[in-house]
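Let's take a walk through this structure together, starting with some charged pairs and ending in the greasy parts. Keep the view open as you read.

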Amino acid sequence: MTTQHKKLPLRSATELPAFDKEGHRGCRGLMPENTIPAMLKALDIGVTTLEMDASFSKDKKILLSHEPFFNHIITTKPDGSFINIKEEHTYNMYQMEYDSIKTYDVGLKPHPSFPQQQKMAVSKPLLSDVFDSVKKYMANSKRVYPFFNIETKCMPATDNIYHPAPPEFVEWLMNLIIEKKMEQQVIIQSFDFRSLQYLHQYYPAIKTAVLIEMFDTRSFEEQINVLGFTPTIYSPENTLVNKTLIEKCHLQNIKVIPWTVNDTKKIAELKALGVDGIISDYPNLFNQ
């Protein structure tokens, strides 16, 4: 694919809040993940950033989904039966038209890890519909517009099988963001450094967050060196956070926002250390 780069001018971006309260997949502990109801519920709770995952359909529509296939834990087929673990990878959404994808339910099946999650009939939404729904909701309630922390769900082993390769992934995502005039409200996050590197090269005004797994044994310096630029946010698994790491990030003007923190004690500990925000399945805990 030949891409046409819509290069953005360098300019002052909207500032992130002093402490960023992020709802993981909306508010996965309370509502079906990566759905519009989860996003609106998170806003009611008072999050400052909506965290979500971007995947693609066969017809190149961007939708919210943590996996590029229908996860057996949350999915009900159109006929009312459940997808089982052995077959879930065959339900590859990158090989399905969105009109088919939206007939699968991801909100009715009880989630074993989140017993508080409200059950409802709901499908995987388009990112464009999420933008529109949030914009309308916030306008009606006359509240401050949130940020959108969007993860590019890609990895080298599954390029062009479960998702586009990074150049196409980022270009199509940015086309939508620019169309919706959301450039200053988005953060693009990823474990896949390739997508962040491409984004930084062609869209340097966009805020970025580098996601770090617990098993990544490289030093902070090595990770940033491999990345090749200074991200807006360093977003590690929460057990990796310590005072030294925070100090190193802050010396480079990098915010530290760990994931996924689901108890008030750990939230308090991380805030005391000086993190700049927290991602949680239960954003209601920020108010306790």
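## Charged pairs

Start with Asp-281 and Arg-28, whose side chains form a salt bridge at 3.1 Å, N to O. This is a predicted model, so treat what follows as a description of that prediction.

Next up are Asp-53 and Lys-153, which meet in a salt bridge of 4.0 Å, N to O. This pair also ties together distant parts of the chain, with Asp-53 in strand 2 (residues 49-56) and Lys-153 in the loop between strand 4 and helix 4, 100 residues apart. Asp-53 has a relative accessible area of 1%, and Lys-153 has 16%. The cut-off for buried is under 20%, so Asp-53 counts as buried and so does Lys-153.

Over the whole structure, a search turns up 14 salt bridges.

Now for the greasy side of things. In soluble globular proteins, nonpolar side chains tend to be buried together. Here the largest nonpolar core has 78 residues, and Leu-127, Phe-148 and Ile-150 have the most contacts inside it. Helix 4 supplies the largest share of this core, with 7 residues.

Take a look at Ile-150. Setting aside neighbours within four places in sequence, its contacts include Met-52, Ala-54, Leu-127, Phe-131 and Leu-173. Ile-150 also touches Val-186, Ile-187, Ile-188 and Gln-189. There is a second, separate core too, made of 9 residues, including Ile-187, Ala-209, Leu-211 and Ile-257.

## Helix 5 and its surroundings

Helix 5 covers residues 193-202, and its buried residues are Phe-193, Ser-195, Leu-196, Tyr-198, Leu-199 and Tyr-202. What do they pack against? The answer is strand 4 (147-152), helix 4 (166-179), strand 5 (186-190), strand 6 (207-212) and helix 6 (220-227).

Zoom in on helix 5 and helix 6: they pack at an angle of about 55°, with their axes 10 Å apart. The two helices are therefore oblique to each other. Helix 5 brings Phe-193, Leu-196 and Gln-197 to the contact, and helix 6 brings Gln-223, Val-226 and Leu-227. Sorted by type, the residues of this contact are 4 nonpolar, 2 polar and no charged.

## Leu-285, after strand 9

Finally, find Leu-285 in the segment after strand 9 (277-280). Leu-285 is buried, with a relative accessible area of 12%. Which residues does Leu-285 contact, leaving aside its neighbours within four places in sequence? They are Asn-262, Asp-263, Thr-264 and Ile-267. For a sense of scale, the C-alpha atoms of Leu-285 and Lys-142 are separated by 24 Å, and these two residues are 143 residues apart along the chain.

Notes
Residues numbered from 1 in each chain as written. Predicted model: local features only at pLDDT ≥ 70, side-chain atom pairs only at ≥ 80, totals over all residues. Heavy atoms only, no water. Buried < 20%, exposed > 50% of the residue type's maximum accessible area, 1.4 Å probe, protein only. Helix = DSSP H or I, 4+ residues; strand = E, 2+ residues; numbered from the N terminus. Contact = heavy atoms within 4.5 Å. Axes fitted to C-alpha atoms, helices over the stretch in contact; angles between N-to-C directions. Parallel < 35°, antiparallel > 145°, perpendicular 65-115°, else oblique. Nonpolar A, V, L, I, M, F, W, Y, C, P; charged D, E, K, R; others polar. Core = buried A, V, L, I, M, F, W, Y, C linked by side-chain atoms within 4.5 Å.
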